[in-house]
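Work through the exercises below with the sequence and the model in view. Each task is followed by its solution.

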Amino acid sequence: MTSEKTRGGSLPLYLQIGELLSREISAGIWPDGSRLPTEAELAGHLGVAIGTLRKALALLEKRGLLERIQGSGTYVRRKAKTGSIYEFFHLELKKGVGLPTAKILSLDLCDRPDFLPAFGDGSSDKAWRIHRLRKLGGVPAALEEIWFDARHAPKLKAADIPESLHLFYRERLGFWIARVEDKVSVSPCPDFAPKDGPFTPGAPMGFVERISWGNTDTIEEYSRNWFDPETVCYAARWV
């Protein structure tokens, strides 16, 4: 179980706790059928108020990941689909899981480059490009380049975009990601890496190229992710 103190970020604290526990359940840190510590113990370990923890546990119970048995405790009910907003996020720390957070480095409205797949109905010739630094449990873990169709939002500011893009798509742009295809390989670190960060442009990094389909079965997002193989691994599980 993680011992990180979950703070900061744009998500409400109870949702951060829920997402962290959801990722730990998915990773098998909390096996199916295991009993969680008492609310007091778990709240103390995570450094949050019991009221905040209870909201997080209620969220996971609603998703079917937890079962509360009167007089016995709270038990894990692991399943393949967790309902997490990080359902399709497969990077994990090699030592623990870590709650994902992200810092936008740049946001640009671009002419649609030739290497992008056709988004939606293919009518738009503009796309938004986001460059981000991704951290896991506060540890710099990856660099991200994310593209999505400008037909969803002709105007955007970086301040409009929360850390969870999938939540942003669902709540602000009116679609959601239903399935993804990942290709994992090795690629040089991109040149948009922050100069004061731990990543060196040109150095070999783990690489994930992703195509994402939305709820209407059209391609809605394309991304490239470079991750540090010394501290991070790519993990996909089926249960």
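**Exercise 1: two packed helices**

Helix α2 (residues 39–46) packs with helix α3 (residues 50–62) at an angle of about 105°, and their axes are 9 Å apart. The model is a predicted one: local features need pLDDT of at least 70, side-chain atom pairs count only at pLDDT 80 or more, and totals for chains, interfaces and linings use all residues. Residues are numbered from 1 along each chain as its sequence is written, and side-chain values use heavy atoms, with hydrogens and water left out.

Task: Classify the angle between α2 and α3, and list the residues in contact.

Solution. 
- Step 1. Helices (H or I, at least four residues) and strands (E, at least two) are DSSP runs, numbered from the N terminus.
- Step 2. Axes are lines fitted to C-alpha atoms, for helices over the stretch in contact, and angles run from 0 to 180 degrees between N-to-C directions.
- Step 3. Angles under 35 degrees count as roughly parallel, over 145 as roughly antiparallel, 65 to 115 as roughly perpendicular and the rest as oblique. α2 and α3 are therefore roughly perpendicular to each other.
- Step 4. With contact meaning heavy atoms within 4.5 Å, α2 contributes Glu39, Ala40, Leu42, Ala43 and Leu46, while α3 contributes Ile50, Leu53, Arg54 and Leu57.

**Exercise 2: aromatic pairs**

Task: Find how many aromatic pairs there are, and classify the pair of Phe148 and Tyr169.

Solution. 
- Step 1. Rings of Phe, Tyr and Trp (its six-membered ring) pair if their centres lie within 6.5 Å; planes under 30 degrees apart count as stacked, over 60 as edge-to-face and the rest as tilted. This rule gives 7 aromatic pairs.
- Step 2. The ring centres of Phe148 and Tyr169 are 5.5 Å apart and the planes are at 65°, so this pair is edge-to-face.
- Step 3. Phe148 is in strand β6 (residues 139–149) and Tyr169 in helix α4 (residues 165–173), so the pair ties together parts 21 residues apart in sequence.
- Step 4. Both Phe148 and Tyr169 are buried (under 20% relative accessible area, with exposed over 50% and partly exposed in between; 1.4 Å probe, protein chains only).
- Step 5. Ring pairs also link Phe148, Phe168, Tyr169 and Phe175 into a cluster.
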